[in-house]
Amino acid sequence: MQEILLIGGGGHCKAVIDVIEQGNEYSIVGIIDSKEKIGQEVLTYKIIGSDNDLETLFKKYKHACITVGQIKSAEPRIKLFEKLKGIGFTLPTIISPLSYISKHAFIDEGTTVMHHSLVNANAKIGKNCIINSKALVEHDTIIENHCHISTGSILNGGVLVKAGSFIGSNSTSKESITVEGFMKAGE
C-alpha cells in the first residue's frame with residue numbers, strides 16, 4: 001500500500017478515512033491541520049503537522065488527499081490543491097469500493113468519490129472534487145474542477161457543473177442545464 005497524508009482533520013476527513021480504510025490502495029500516515037491541533041487524533045490517526053510542514057513532509061511522503069470539506073466556499077480546497085501541486089505531491093483519485101463508476105466515465109486527480117455514489121457512462125469529473133455519499137452523476141454530465149456534489153444529490157443527464165460549484169444535499173437537477181460556479185484562487 002502507498003502512504004498518504006490527509007490534509008484537514010474535520011468531519012470530511014473522518015468520512016474520507018472510512019473510504020480509504022475500505023480500500024487496499026493507501027495507508028494513512030497522518031493528518032495535517034492547524035498547529036495547535038498537532039498531537040491530537042482523528043479516528044486513531046495523529047495530526048502530525050500543519051501546512052507549514054508540507055514541504056518537509058514531501059521529502060518522505062509523495063501522496064496527499066485534501067480532506068477539507070466544501071460548503072461555504074471552494075476557496076480553501078483550491079488553495080490547498082494549488083499548494084500541494086506546487087510542492088510536487090501526487091493527489092490520487094480516491095474511490096470508495098462501495099460506489100459504482102462506469103468504465104466509460106472519467107474522474108480526474110484529487111477527486112474523492114464517497115460510499116454508494118454512482119457515476120454513469122460518459123460522465124466527466126474534474127480535479128479536486130467531492131462526489132459525496134449517495135450522489136448520482138448521470139450520463140454525459142460534466143463536473144468541472146473544485147466542485148462538491150453533496151450527499152444524495154442527483155445530476156441528470158447532460159448537466160454542466162461549472163468550476164467551484166457546490167450542489168447541496170438531496171438536490172435534483174433538470175437534464176441538460178448549466179450550474180454556474182465560483183472559481184477563485186489561481187483560477
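In this predicted model, Asn 122 is partly exposed, with a relative accessibility of 35%. The residue sits in the loop that runs between strand S10 (118-119) and strand S11 (124-125). Its backbone has a positive phi of about 65 degrees, although Asn 122 is not a glycine. Most residues other than glycine have a negative phi. A positive phi, of about 60 degrees, is also found at His 146, again not a glycine. His 146 occupies the loop between strand S14 (142-143) and strand S15 (148-149). With a relative accessible area of 5%, His 146 is buried, whereas Asn 122 counts as partly exposed.

Helix H1 covers residues 11-22, 12 residues in total. From its first C-alpha to its last, H1 reaches 17 Å, which is close to the 16 Å expected at 1.5 Å a residue. The buried residues of H1 are His 12, Cys 13, Val 16, Ile 17, Val 19 and Ile 20. Viewed down the helix axis, these buried residues fall within an arc of 165 degrees, so they line one face of H1.

Side chains of opposite charge can pair when their charged atoms come close. The structure holds 6 salt bridges. One of them joins Glu 75 and Lys 79, with an N to O distance of 3.8 Å. Both residues belong to helix H3 (residues 75-87), where they are 4 residues apart and thus separated by about one helical turn. Glu 75 has a relative accessible area of 18%, and it counts as buried because this value is under 20%.

Glu 109 lies in the loop between strand S8 (106-107) and strand S9 (112-113), while Lys 85 lies in H3, so the pair ties together parts that are 24 residues apart in sequence. Lys 85 is partly exposed, at 33% relative accessibility.

A further salt bridge links Lys 162 to Glu 144, with the closest N and O atoms 3.7 Å apart. Lys 162 lies in the loop between strand S17 (160-161) and strand S18 (166-167), and Glu 144 in the loop between S14 and S15, so this pair ties together parts that are 18 residues apart in sequence. Both partners are partly exposed, Lys 162 with a relative accessible area of 27% and Glu 144 with one of 26%. Salt bridges that share partners also join Lys 85, Glu 109 and Lys 127 into one network.

Note on methods. Residues are numbered from 1 along each chain as its sequence is written. This is a predicted model: local features need pLDDT of at least 70, side-chain atom pairs count only at pLDDT 80 or more; totals for chains, interfaces and linings use all residues. Side-chain values use heavy atoms; hydrogens and water are left out. Helices (H or I, at least four residues) and strands (E, at least two) are DSSP runs, numbered from the N terminus. The expected span of a helix is 1.5 Å times one less than its number of residues. Buried means under 20% relative accessible area, exposed over 50%, partly exposed in between (1.4 Å probe, protein chains only). The arc is that of the directions from the helix axis to the C-beta atoms. A salt bridge is a side-chain nitrogen of Lys or Arg within 4 Å of a carboxyl oxygen of Asp or Glu.
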